[in-house]
Amino acid sequence: MAEHAAKRKPLVVTPGDLIATEEGFMRGHGTIMIGEQLASAIGGVVERVNKVVCVKALRSRYTGEIGDVVVGRIVEVGQKRWKVDTNSRLDSLLKLSSVNLPGGILRRKSTEDELMMREFFEEGDLISAEVQAIFQEDNTLSLHTRNQKYGKLGPGVFVSVPSMFIRRCKNHFHVLPCGVAVVLGTNGYIWIGQAFDSDLKDVRPELRERISRVRNVILALAHQGLAIFDTSIIYTYEDAESMPVKDLLRPDVAADITARARVLCA
């Protein structure tokens with residue numbers, strides 16, 4: 001059991017640290033050779049995929065994978081496509097052909113649709129989408145919203161955390177037991193609001209307080225360097241219910257309310 005636990009525990013390295021390897025290893029990103037030994041070129045976590053050994057930086061821009069759920073903000077409306085800020089090195093692209101028309105109608109997009117693009121999304125809108133492809137030339141992400149669960153997000157709170165803290169799960173759309181909805185983008189962008197099927201025009205004061213509490217809970221998890229997913233948020237929220245919202249980001253309080261989540265993530 002101890003051996004299996006040791007294998008699961010991530011190895012954190014700093015630049016120049018030697019990395020123990022097996023024979024026949026392949027050097028991956030974030031590593032250099034010092035003589036005949038493999039060493040880290042950056043500070044981060046060692047990852048092994050078969051024989052490939054690489055180091056993933058602790059803090060870096062989001063590098064997407066096909067199928068990732070992301071939260072992004074529209075920054076430009078162009079010809080047959082939108083540019084979206086997804087916390088990656090370059091703005092991502094959302095093509096007109098990759099969105100659902102109002103009512104979920106499936107048909108070829110026309111010139112009229114192109115003229116009405118700002119009625120779908122405009123600058124400043126926050127959206128949820130999925131990574132459809134990655135362009136090989138510059139690693140720009142191509143997104144799509146061809147699913148009813150994706151699209152424009154309503155009134156709520158936007159939170160940004162390092163993308164490495166977001167745990168990849170089957171589902172990134174959650175309604176917490178407190179009635180607050182959360183979209184956890186694998187790019188580190190998070191939307192917090194009321195339940196997806198609620199009237200988005202009416203946000204009650206008590207719901208606003210719960211939304212603020214969830215926001216501070218997520219930031220407390222990030223400040224403690226813990227994985228952010230539905231269960232860790234629920235545990236920390238339950239342990240923080242007796243405390244004022246404004247106190248949750250104090251270092252001593254954040255350490256206390258994330259104790260159960262720390263055990264869960266160990």
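Let's start with a pair of strands: S5 (residues 44-49) and S6 run antiparallel to each other, joined over six bridges. Strands here are DSSP runs of E, at least two residues long and numbered from the N terminus, and two of them pair if DSSP finds at least two bridges between them. This is a predicted model, in which local features need pLDDT of at least 70 and side-chain atom pairs count only at pLDDT 80 or more, while totals for chains, interfaces and linings use all residues. Residues are numbered from 1 along each chain as its sequence is written, and side-chain values use heavy atoms, leaving out hydrogens and water.

Within this pair, Val46 has Val55 in S6 as its bridge partner. Two residues lie between the strands of the S5 and S6 hairpin, where Asn50 adopts a positive phi near 55°.

Now follow S6 (residues 52-57) to its pairing with S2, which is parallel and spans two bridges. Here Met26 sits opposite Val52 of S6. Put together, four strands make an open sheet of mixed pairing, in the order S1-S5-S6-S2. Strands S1 (12-13) and S2 (26-27) are at the edges with a single partner strand each, so one side of each has no neighbour in the sheet.

Let's finish at S1, the strand that holds Val12. Together with Leu58 and Met164, Val12 forms a nonpolar surface patch with about 230 Å² of accessible area. Such a patch joins nonpolar side chains within 5 Å, from residues with over 30% relative accessible area and no salt bridge (a side-chain nitrogen of Lys or Arg within 4 Å of a carboxyl oxygen of Asp or Glu); accessible areas come from the Shrake-Rupley method with a 1.4 Å probe.

Methods. Patches are made of residues with over 30% relative accessible area and no salt bridge: like charges are joined within 9 Å, nonpolar side chains (Val, Leu, Ile, Met, Phe, Trp, Tyr) within 5 Å.
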